[in-house]
Amino acid sequence: MTERSEIVIVGAGPAGIRAAQTLVVAGLHPIVLDENIRWGGQIYRQPPAGAGFTRTKQALYGFEAAKADAIHNTMAALLPQIDYRPETLVWACDPKQLHTMHGGREKPVPFTHLIVASGATDRVLPLPGWTLPGVYTLGGAQVALKAQGCAIGDRVVFAGTGPLLYLVAYQYARAGANVVAVLDTSAFASQVKATPRLLNQPATFAKGLYYVGWLRAHGIRIEQGVTLEGVDGTAGVRAIRWRRDGREHTLECSAVGWGFGLRPETQLADLAGCRFVFDELNRCWLPERDAAGRSSQPGIYLAGDGAGIAGADAAELAGRRAALALLEDLGIAAPVTPGAPDAAVIERKLAGIRRFREGIEQAFAMPEDPSVHWPDDMLVCRCEEVDARTLRDCVRHDGVTEINRLKALTRVGMGRCQGRMCGEAACHLLAQVSGQTLAQVGRLRAQAPIKPIPIAPMLFDENVAAIPEEARDE
């Protein structure tokens, strides 16, 4: 390693923390950039210091309390040996340099080696009424509970599909919130059929069964194999409608938490120039990587859910594996850490987790052709107020077959969320109307800034070139 080598890790969740730990044991001192106030990522999110409420880790994380504690304690022990920068948003990437925002000020962070552990976000498929106040993604509902100590409403329905659906419902009910129903779009028969693959991770499978059993035992209504029709209300949520076995049902509620699993946050890898491939398991485009986490770009490594959804256990393993690959590329011997798996063991465990993941996708498959029944006047892109009719007309009349062309003509995905909320929905609609597959319509190319940033402070930042005086009035 040369004196000028600078190692940066983006993300302080399970993957980022285990990567940092491995590098520190080897004698290196990485920079760790974290968008959150405190380390732990989404799954092990900590309440802000001085938040004004106290809940034990057992209450916050349930069966995962010991793992959360281990992750939190590991990072706490690393702090004197790393450059940890919380509340730091990475919003762009140039060759060998990240652009970050902290405290309203922009600061470039150069790197020679980069581990991207950017995590995941909610997979959103819109439904009529999804823009009403009181409708939250499952991840947003979880943040409210863990970081702010509150529920999203006094009569909450959780809808969609995936393991997170039952986990968040369980966490809310255990915290004392009034959960009136769980509406799962996946059929029970599909979940039973997936059991052999799910048994690749028997402990995780057992926890899932426990959540469902606990919810039923406490009188919480669970409906499976439903088709979500919409959320009703004017100034806020009043009720949710769904269809099952040809009959429509309505249930009064004050809030809805909904989502269809998770999707990787890949924008940073895209801006870094990583090559992408379509992954049939995740049903999306993912940055290409080898078994060790190396991307197509030398010196850039990918770990955790940001490179493919696999869960917290896999993220820890992948974070360590990426760090081991980085050390190997620097010519540094892998550190001997008691109890920590070596590269071969990690890759074997990750292969087993992938088989479990195949079972999850079989058990909780996304609805087929979800856009078929979307009404024309339903907003698909709330930032730019683009409805389904506008997208359909563009595809039919202008012959659009590629998602970035649809973006250019309609502005879908050009708003503040940069396609996080609407991108996948737009791809589904384009595929359905044009008669193509998701892989064929392509992917939305990332644009900087990948998340909203304040512009005014940057105009006066010494790190940003000043606007020439003659151009200020133009």
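I take buried to be under 20% relative accessible area, exposed to be over 50% and partly exposed to be in between, with a 1.4 Å probe and protein chains only. I worked on a predicted model, in which local features need pLDDT of at least 70 and side-chain atom pairs count only at pLDDT 80 or more, while totals for chains, interfaces and linings use all residues. Residues are numbered from 1 along each chain as its sequence is written, and side-chain values use heavy atoms, with hydrogens and water left out.

**Entry 1**

I began with Asn282, which is buried at a relative accessible area of 4%. I found Asn282 in the loop between strand 18 and strand 19; strands here are DSSP runs of E with at least two residues, helices are runs of H or I with at least four residues, and both are numbered from the N terminus. What does Asn282 touch, not counting residues up to four places away in sequence? I listed Arg123, Gly308 and Ile309, where contact means heavy atoms within 4.5 Å.

Strand 18 (residues 276-279) and strand 19 (residues 284-287) run antiparallel and are joined by 4 bridges; I count two strands as paired if DSSP finds at least two bridges between them. Across this pair I noted Phe278, whose bridge partner in strand 19 is Trp285. The two strands form a hairpin with 4 residues between them, and in the turn Arg283 has a positive phi of about 55 degrees.

I then traced an open sheet of 3 strands in the order 4-5-6, with antiparallel pairing. Strand 4 (89-94) and strand 6 (105-110) each have a single partner strand and stand at the edges, so one side of each is left without a neighbour in the sheet. On average, neighbouring strands of this sheet are turned by 25 degrees against each other, direction ignored; axes are lines fitted to C-alpha atoms, for helices over the stretch in contact, and angles run from 0 to 180 degrees between N-to-C directions. Strand 4 pairs with strand 5 (residues 97-102) in the antiparallel sense over 5 bridges, and I saw that Cys93 stands opposite Leu98 in strand 5.

Another open sheet of 3 strands has the order 13-14-15, with antiparallel pairing. At its edges I found strand 13 (227-233) and strand 15 (247-252), each with a single partner strand, so one side of each lacks a neighbour in the sheet. Its neighbouring strands are turned by 20 degrees against each other on average, direction ignored. Strand 14 (residues 237-244) runs antiparallel to strand 15 and is joined to it by 6 bridges; within this pair, Trp242 has His249 of strand 15 as its bridge partner.

**Entry 1: strand 10**

Is strand 10 (residues 156-161) enclosed or open? I noted that 6 of its 6 residues are buried, so strand 10 is largely enclosed by the rest of the structure. Val156, Phe158 and Gly160 point one way, Val157, Ala159 and Thr161 point the other way, and all are buried. In a regular strand the side chains alternate between the two faces of the sheet. Strand 10 pairs with strand 11 (residues 179-184) in the parallel sense over 5 bridges, with Ala159 opposite Leu183 in strand 11.

**Entry 2: helices 10 and 11**

I next looked up how helix 10 (residues 312-330) packs on helix 11 (residues 343-363), and recorded an angle of about 145 degrees with the axes 10 Å apart. Among the residues that meet are Leu317 and Leu324 in helix 10 and Ile346 and Ile353 in helix 11. By class, this contact has 8 nonpolar, no polar and 5 charged residues; Ala, Val, Leu, Ile, Met, Phe, Trp, Tyr, Cys and Pro count as nonpolar, Asp, Glu, Lys and Arg as charged, and the others, Gly among them, as polar.

For helix 12 (residues 388-398) I listed Ala388, Leu391, Arg392, Cys394 and Val395 as buried. Seen down the axis, they fall within an arc of 160 degrees, so they line one face of helix 12; the arc is that of the directions from the helix axis to the C-beta atoms. The face turned away from the buried side carries the exposed His397 and Asp398. Helix 12 is followed by Gly399, whose phi is positive, near 65 degrees.

In helix 13 the buried residues are Ile403, Asn404, Leu406, Lys407 and Thr410. They cover an arc of only 155 degrees around the axis, which puts them on the same side of helix 13. I found them packed against strand 22, helix 12, helix 14 and helix 15 (438-441).
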